[in-house]
Amino acid sequence: MSITDKRLLKGARARETALRRAVDIASLDGLDDVSFGRLATDTGMSKAGIQTLFRSKEMLQLATIDYAREMFIDTVIRPAREAAPGAGRLRSLVEHWIEYATTPLFEGGCFRVANIARFDSKPGPIRDALLRLQQDWRDTLGRELRSAVESHEIAELDIDLAVFQIDSVLCAANTALRLGDDDVIAKVRRTVDGLLKAA
């Protein structure tokens, strides 16, 4: 029984190593470049061993998206839950997103921004998974905006439009940061402040 447990542990560690490298490759070069051969080269693991873990390139890419999602939740969403619902939590989400993009968590910056444009016109499971990432994030922003409006923290606004504006500004900021424009962070904060006007 202990041998089986050790094998499971070894497999879990190998999967973690592969996925940690895969999210960086995807953020730098796109999910199309996440392959068994590239991961084997980059991690020193065997190509056959990686293929055994994921079975197909599509399954590897989907696992990479899931792993990036969990990392994003741990870095941006969960820490923001410490703030009160509404405007405070929305600001916290944006601040944690700024840290996520400027640190950055992934070598190429925001994982979603780096990949969604490559798959937006390619129907299939990869596109669907990336769109879920986008919708989950927008839903999170929308929840806090709605809470802020309903509790009269901020003035009435078009929530769907405000979510679109915040997300669009963050996506543009990611690109600007990759190009070395650190001044964009102040613009992000000014945009959010402009939307969160007192009731």
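Buried means under 20% relative accessible area, exposed means over 50%, and partly exposed lies in between (1.4 Å probe, protein chains only). By that scale aspartate 193, at 41% relative accessibility, counts as partly exposed. This is a predicted model, in which local features need pLDDT of at least 70 and side-chain atom pairs count only at pLDDT 80 or more, while totals for chains, interfaces and linings use all residues. Residues are numbered from 1 along each chain as its sequence is written, and side-chain values use heavy atoms, with hydrogens and water left out. Helices (H or I, at least four residues) and strands (E, at least two) are DSSP runs, numbered from the N terminus.

**Salt bridges**

- A salt bridge is a side-chain nitrogen of Lys or Arg within 4 Å of a carboxyl oxygen of Asp or Glu. The whole structure has 15 salt bridges.
- One of them joins arginine 21 to aspartate 42, with the closest N and O atoms 3.0 Å apart. Arginine 21 sits in helix α1 (residues 2–29) and aspartate 42 in helix α2 (residues 36–43), so this pair ties together parts 21 residues apart in sequence.
- Arginine 21 is buried, at 19% relative accessibility. Aspartate 42 is partly exposed, at 33%.
- Arginine 91 and aspartate 193 also meet in a salt bridge, at 2.4 Å from N to O. Arginine 91 belongs to helix α5 (residues 87–102) and aspartate 193 to helix α9 (residues 184–195), so the pair links parts 102 residues apart in sequence. Arginine 91 is partly exposed, with a relative accessible area of 35%.
- A further salt bridge pairs arginine 112 with aspartate 167, at 2.6 Å from N to O. Arginine 112 is in helix α6 (residues 111–119) and aspartate 167 in helix α8, so parts 55 residues apart in sequence are tied together.
- Arginine 112 is buried, at 9% relative accessible area. Aspartate 167 is buried too, at 1%.
- Shared partners join Arg21, Asp29, Asp33, Arg38, Asp42 and Glu107 into one network of salt bridges.

**Cysteines**

- A disulfide is a pair of cysteine sulfur atoms within 2.5 Å. The structure holds zero disulfides.
- For cysteine 110, the closest cysteine sulfur is in cysteine 171, 6.2 Å away, too far for a bond. Cysteine 171 is likewise in no disulfide.
- Cysteine 110 is buried, at 3% relative accessibility.

**Aromatic rings**

- Rings of Phe, Tyr and Trp (its six-membered ring) pair if their centres lie within 6.5 Å; planes under 30 degrees apart count as stacked, over 60 as edge-to-face and the rest as tilted. The count comes to five aromatic pairs.
- The rings of tyrosine 100 and phenylalanine 106 have centres 6.0 Å apart and planes at 90 degrees, so they are edge-to-face. Both tyrosine 100 and phenylalanine 106 are buried.
- Ring pairs link Phe72, Trp97, Tyr100, Phe106, Phe111 and Trp137 into a cluster.
- A charge sits over a ring if NZ of Lys or CZ of Arg is within 6 Å of the ring centre and within 35 degrees of the ring normal. The charged end of lysine 122 sits over the ring of phenylalanine 119, 5.1 Å from the ring centre.
- Phenylalanine 164 is in helix α8 (residues 159–178). Phenylalanine 164 is partly exposed, at 45% relative accessibility.

**Loops and backbone**

- Threonine 103 and proline 104 are joined by a cis peptide bond, with omega about -25 degrees. Proline 104 lies in the loop between α5 and α6.
- Arginine 55 has a positive phi, near 70 degrees, in a residue other than glycine. The loop between α3 (47–54) and α4 holds arginine 55, and this residue is exposed, at 66% relative accessible area.
- Histidine 152 has a positive phi as well, near 65 degrees. Histidine 152 lies in the loop between α7 and α8 and is exposed, at 61% relative accessibility.
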